[in-house]
Structure formats: structure tokens, C-alpha cells
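Hello,

Here is the structure I promised to pass on to you. Have a look at it first, and my notes follow below.

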Amino acid sequence: MAALGSKLAQLQSKACEATRFVAKHGCAYHKPLMEKNKHHVVDPPTIQKCQELSRQLFYTRLASLPGRYEAFWKELDSAKLLWKNRNNLKVEDAGVAALFGIELYAWSCLGEIVGRGFTLTGYHV
């Protein structure tokens with residue numbers, strides 16, 4: 001429990017440090033960012049306009065579902081075809097598939113480490 005208390009104090013210290021940095025340098029970052037991206041800002045920036053844009057984004061994403069659904073089934077059919085013709089696979093294709101599988105496993109392990117609070121101990125190997 002003492003370790004948790006020290007981690008909490010450490011986190012609080014880092015949060016205070018980040019708050020001071022943002023308070024000191026925030027405006028210097030905000031002004032150029034807004035100048036650079038002013039063509040994206042809707043004028044006037046009201047709550048109603050934000051809610052309208054939120055609804056537009058939601059329904060635009062909803063409208064893209066049929067295309068995504070169709071693309072998913074095309075990819076699945078392609079994978080089935082590759083599996084059916086696996087005897088004709090080249091070594092390069094098998095190597096790419098193996099590297100992809102290794103990458104997925106590595107991302108899974110990294111997610112597990114992050115989920116455990118960036119600790120490398122306590123794993124059952």
C-alpha cells in the first residue's frame with residue numbers, strides 16, 4: 001500500500017508540473033495553432049453550432065457503415081481465397097503474414113504492460 005501512496009504522490013507532482021507548464025506556455029502554443037487552423041473554425045463558435053456539427057459527424061459516420069460493411073466482406077473473401085490457395089503461396093507472402101502476426105502479438109503484449117501500469121513484474125510465464 002505504501003508503494004501506491006508514493007506512486008500517487010509522484011503522479012500528483014507530475015500533474016502539478018504539467019499544469020504550471022501549460023499555464024506558462026499555453027497561450028504561446030494556442031495562438032499560432034488557431035491562426036494556422038482558422039479555416040476549420042466555424043463562426044460564430046456557439047454551443048448550438050457545436051451540437052449541430054456533432055450530429056453531422058455522427059450521421060456521416062453512420063452513413064459510412066454500409067461501405068465499411070462491404071469492404072469487410074471483400075477482405076474476408078480475399079482471406080478465404082488465400083487460405084483456399086495456400087499451396088500456391090510464395091515465401092514472401094508467408095513472411096509478410098508471419099511478420100503481421102508477430103506485430104499483432106507485440107501490440108497485444110504492449111497493451112497488457114500499459115494496462116498493468118507499465119510494470120514488467122507479476123506476469124505468469
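A salt bridge here is a side-chain nitrogen of Lys or Arg within 4 Å of a carboxyl oxygen of Asp or Glu. Please keep in mind that this is a predicted model. Searching the whole structure by that criterion turns up 4 salt bridges; here are some of them.

Glutamate 70 is partly exposed at 48% relative accessibility, whereas lysine 74, at 55%, counts as exposed; the cut-off for exposed is over 50%.

Glutamate 35 bridges to lysine 38, with 3.5 Å between the closest N and O atoms, and both residues are exposed.

Now to the backbone. The peptide bond from aspartate 43 to proline 44 is cis, with omega near -5°. You will find proline 44 in the loop between α1 (2–36) and α2.

Finally, the helix packing: the axes of α2 (residues 47–63) and α3 (residues 65–84) come within 4 Å and cross at roughly 35°. Arg61, Leu62 and Ala63 of α2 touch Leu65, Pro66 and Arg68 of α3. That contact is made up of 4 nonpolar and 2 charged residues, with no polar ones.

Best wishes

Definitions and conventions: Residues numbered from 1 in each chain as written. Predicted model: local features only at pLDDT ≥ 70, side-chain atom pairs only at ≥ 80, totals over all residues. Heavy atoms only, no water. Axes fitted to C-alpha atoms, helices over the stretch in contact; angles between N-to-C directions. Helix = DSSP H or I, 4+ residues; strand = E, 2+ residues; numbered from the N terminus. Contact = heavy atoms within 4.5 Å. Nonpolar A, V, L, I, M, F, W, Y, C, P; charged D, E, K, R; others polar. Buried < 20%, exposed > 50% of the residue type's maximum accessible area, 1.4 Å probe, protein only.
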